[in-house]
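Hello,

Please find the structure below. Some notes on what was found in it follow.

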Amino acid sequence: MPRVLQIAPIWIQKQMKRITYVVGSVHRHHQRCRSLTTAAIGAKPAKGNDKKFRGNQEAQRINAQTRALCAEGRLKEALENLHTMNCKALQVEPQTYASLLQECINTNSFEKGKTVHTHMINESFGPDLYLKTKLLIMYAKQGNLVYTRQLFDEMSERNVVSWNAMVAGYALYGHGSEALELYNKMRRSGMKPDKFTFPSILRACASMVSLEQGKQVHACIIKTESEPNIVLESALVDMYVKCGTIENARQVFDKMPERNVVSWTAIIAGYGRHGDSKEVFILFEQMQQLGLKPNYVTLLAILNACSHAGLVDEAWHYFESIHRDYHIKPRVEHYSCMVDLLGRAGRLDEAHEFINKMPLKPHAAIWGTLLGACRMHGNIELGKIAAEHLFNLDSQNAGKYVVLSNIYAAAGRWEDVAKVRKLMKDRGVKKEPGCSWIEYRKRIHLFVVGDRSHPQSEEIYATVETLIRKIKEAGYVPEINFMLHEVEDELKEKYLSYHSEKLAVAFGIINTPPGTPIRIVKNLRVCGDCHTAIKFISNTAEREIILRDSNRFHHFKDGACSCGDYW
């Protein structure tokens with residue numbers, strides 16, 4: 001996913017992960033209050049001649065010591081104790097397994113967690129609901145969602161923590177559709193969601209741009225949550241931002257009785273993503289006047305707002321202030337944002353020099369950003385340099401091959417285009433197809449270029465042709481330079497007409513009431529011709545069209561776009 005859409009709010013995501021995955025760990029509270037020495041002394045075995053009795057006492061001592069080691073974060077030693085108990089055929093208590101699994105979860109030690117699970121299986125230990133839920137949390141946090149779902153489906157009994165673990169796993173790893181489906185199944189089963197369920201499901205709504213589902217979750221929160229919850233409210237702000245309704249996000253933000261840096265960062269990043277840099281700076285100033293110190297995510301959001309508005313001088317000011325005023329060491333994301341800013345502004349040599357002088361080693365995303373800027377401004381030679389660095393760092397990133405190919409195609413260098421495509425084939429790199437989708441009646445309708453698989457395709461294509469005819473009469477001229485294939489101009493124009501963005505817009509016009517906004521998502525950067533066409537369509541069809549592409553939001557209304565044609 002491109003950098004801009006990953007920004008906001010990274011801090012919120014970290015908070016959600018921490019809260020979601022610690023919900024089942026209450027048992028650790030008393031363990032943290034006990035030192036290793038106290039645990040060992042308290043479990044000291046009594047003297048006796050009975051071998052079985054001594055064995056039981058030894059098992060109790062090592063179990064207690066292992067739990068104390070986990071409480072102190074000494075996982076390696078705790079696992080050594082587990083091995084000792086295994087060699088001596090001593091019984092491992094359920095609480096000990098729980099402590100071991102929890103520490104594996106806390107430290108992301110998933111391979112070690114698998115070792116604990118294997119030990120449980122080898123000992124024919126049938127985990128209870130609590131331990132099964134720990135396993136769910138561990139495998140979900142690892143991202144092993146297939147196995148997590150298998151464990152979940154095999155559970156004869158589930159509690160709200162079990163459901164939360166599975167929903168959170170889907171939401172965290174971008175499986176929004178599955179998360180929403182499971183959430184609805186959870187409610188149908190009679191299990192009531194709690195305050196730990198909602199942040200995950202709101203993230204799922206945001207990733208799917210499912211505004212209607214998000215509003216329903218919001219209504220459910222109002223009904224079930226009697227006290228204000230800063231985490232949930234911040235998650236609501238984030239959801240409304242990513243679903244394209246900055247107004248709703250602002251309403252939630254303004255009603256919050258308490259706000260922290262996470263809340264402020266969410267709304268600041270939201271306005272930046274929607275192209276309102278003026279409001280970004282106003283909010284940032286208000287935040288500082290309240291005595292709140294911005295974190296690295298807040299400052300990243302500020303830089304991105306500058307980038308999308310072309311505010312080079314302001315961006316330099318904020319970039320230099322990161323260390324000077326806020327004593328934060330700039331991260332590679334901040335440097336990447338400056339490269340993006342300079343590239344968009346056409347200052348490509350300056351961007352290249354900036355990369356070469358970076359104190360951090362530039363990663364693939366930075367060279368990819370420069371390559372994209374070269375594509376935008378047609379700089380072939382610098383594009384080749386950026387591509388060489390990029391392919392050395394990330395040879396399987398299909399998108400960057402496509403960008404380089406497009407640079408050559410725009411210059412009519414078809415032999416070079418063929419060489420890049422052959423290189424992709426030789427390396428087994430496959431291009432990600434561009435697609436657009438729209439939510440209608442709780443269903444996602446997805447389109448790709450030239451797609452005729454939709455049940456309404458005949459009506460959709462007829463509507464596209466009507467729209468193209470009308471906007472041509474209004475002055476639209478197809479930008480065939482965006483059709484990067486060596487074909488006749490007439491064919492280029494035809495292909496452009498059936499880009500996924502235009503098909504999604506036509507579907508929205510057909511199926512939604514006149515005058516209502518149309519919300520579309522594009523997985524890649526919006527095509528330049530589609531951007532121009534949709535501006536005309538918003539005027540002739542008298543519709544506001546909100547399009548979220550891989551970089552930002554575009555609000556088309558009355559023939560203009562919120563980005564000011566600078567994106």
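**The sheet and other findings**

Six strands form an open sheet with mixed pairing, in the order β2-β1-β3-β4-β5-β6. At the edges stand β2 (443-448) and β6 (560-561), each with a single partner strand, so one side of each has no neighbour in the sheet. Strand β5 (residues 553-557) pairs with β6 in the antiparallel sense, over 2 bridges. Within this pairing, Phe556 stands opposite Cys561 in β6. Strands here are DSSP runs of E with at least two residues, and helices are runs of H or I with at least four residues, both numbered from the N terminus. Two strands pair if DSSP finds at least two bridges between them.

The model is predicted: local features need pLDDT of at least 70, side-chain atom pairs count only at pLDDT 80 or more, and totals for chains, interfaces and linings use all residues. Residues are numbered from 1 along each chain as its sequence is written, and side-chain values use heavy atoms, with hydrogens and water left out.

Ser457 is found in helix α27 (residues 457-473). Ser457 is buried, at 13% relative accessibility (buried means under 20% relative accessible area, exposed over 50%, partly exposed in between, with a 1.4 Å probe and protein chains only). A polar atom of the Ser457 side chain lies 3.4 Å from the backbone oxygen of Arg452.

As for cysteines, the search of the whole structure finds 0 disulfides (pairs of cysteine sulfur atoms within 2.5 Å). Cys87 is exposed, with a relative accessible area of 57%, whereas Cys220 is buried at 8%.

Regards

Conventions
A polar contact is a pair of N or O atoms within 3.5 Å; within protein, one must be able to donate a hydrogen and the other to accept it, and residues adjacent in sequence count only if both atoms are side-chain atoms.
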